[in-house]
Amino acid sequence: MAKSKERAVVVTTDKRGVFFGYATGPTTGDTIRLTRARMCVYWSADVHGVVGLAATGPTSGSRITRAAPAFELRAITAVMDASPEAAAAWEREIWS
C-alpha cells in the first residue's frame with residue numbers, strides 16, 4: 001500500500017480556533033488529524049486575516065504555539081492548503 005502524501009494545511013474550527021499542521025488522511029468531514037500541529041493564538045494585522053496565514057504565514061507580531069506530535073480537530077469549518085512560504089513561517093514558532 002502506498003504511503004499517504006503529507007499536506008501542509010491551515011484549519012479553522014467552529015470555536016474560532018486556527019491551527020496549522022500536516023494532514024495525511026482525509027480533509028473532508030467534521031474531523032481532521034494533524035501531525036506536527038500548532039495553534040495560532042494571535043496574528044498581527046499585517047498577516048491580512050486568516051487566509052493570510054495560509055498564503056504567507058504568521059509574521060513577527062503573531063503568537064504561534066510549539067508543535068504537538070499530533071492531534072485531532074473536530075467541528076472543522078475550513079481547510080486551506082498552506083503555501084511553502086506559509087509552512088516555513090509556521091515552523092518558526094513565532095511568539096512575540
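Which side chain meets R38 in a salt bridge? The partner is E93, with 3.2 Å from N to O. This is a predicted model, and every value here is computed from it.

Start with where the two residues sit. R38 belongs to strand β3, while E93 lies in the segment after α2 (84-91). The pair links distant parts of the chain, 55 residues apart. R38 has 5% relative accessibility and counts as buried. The cut-off for buried is under 20%, so R38 falls within it. E93 has 33% relative accessibility and counts as partly exposed. A further residue joins in. E91 is linked with R38 and E93 in a network of salt bridges.

Now widen the view. How many salt bridges does the model contain? The count comes to five.

Stay on strand β3 and look at R36. R36 forms a salt bridge with E6, and the closest N and O atoms are 3.2 Å apart. E6 lies in the segment before β1, and R36 lies in β3 (residues 31-42), so the bridge ties together parts that are 30 residues apart in sequence. Are these two buried, partly exposed or exposed? E6 is partly exposed, at 37% relative accessibility. R36 is partly exposed too, with a relative accessible area of 37%. Both values lie between the 20% and 50% cut-offs, so both residues get that label.

Next comes R7. Which residue does R7 pair with? R7 forms a salt bridge with D81, and here the closest N and O atoms are 2.5 Å apart. R7 is in strand β1 and D81 is in strand β6 (residues 76-81). R7 has 32% relative accessibility, so R7 counts as partly exposed.

Finish in a loop. Where is R16 found? R16 sits in the loop between β1 (7-13) and β2 (18-23). Is R16 buried or exposed? R16 is exposed, with a relative accessible area of 78%. The cut-off for exposed is over 50%, so R16 passes it. What separates R16 from V79? Along the chain they are 63 residues apart, and their C-alpha atoms are separated by 13 Å.

R38 and E93 join β3 to the segment after α2.

Key. Residues numbered from 1 in each chain as written. Predicted model: local features only at pLDDT ≥ 70, side-chain atom pairs only at ≥ 80, totals over all residues. Heavy atoms only, no water. Helix = DSSP H or I, 4+ residues; strand = E, 2+ residues; numbered from the N terminus. Buried < 20%, exposed > 50% of the residue type's maximum accessible area, 1.4 Å probe, protein only. Salt bridge = Lys/Arg side-chain N within 4 Å of Asp/Glu carboxyl O.
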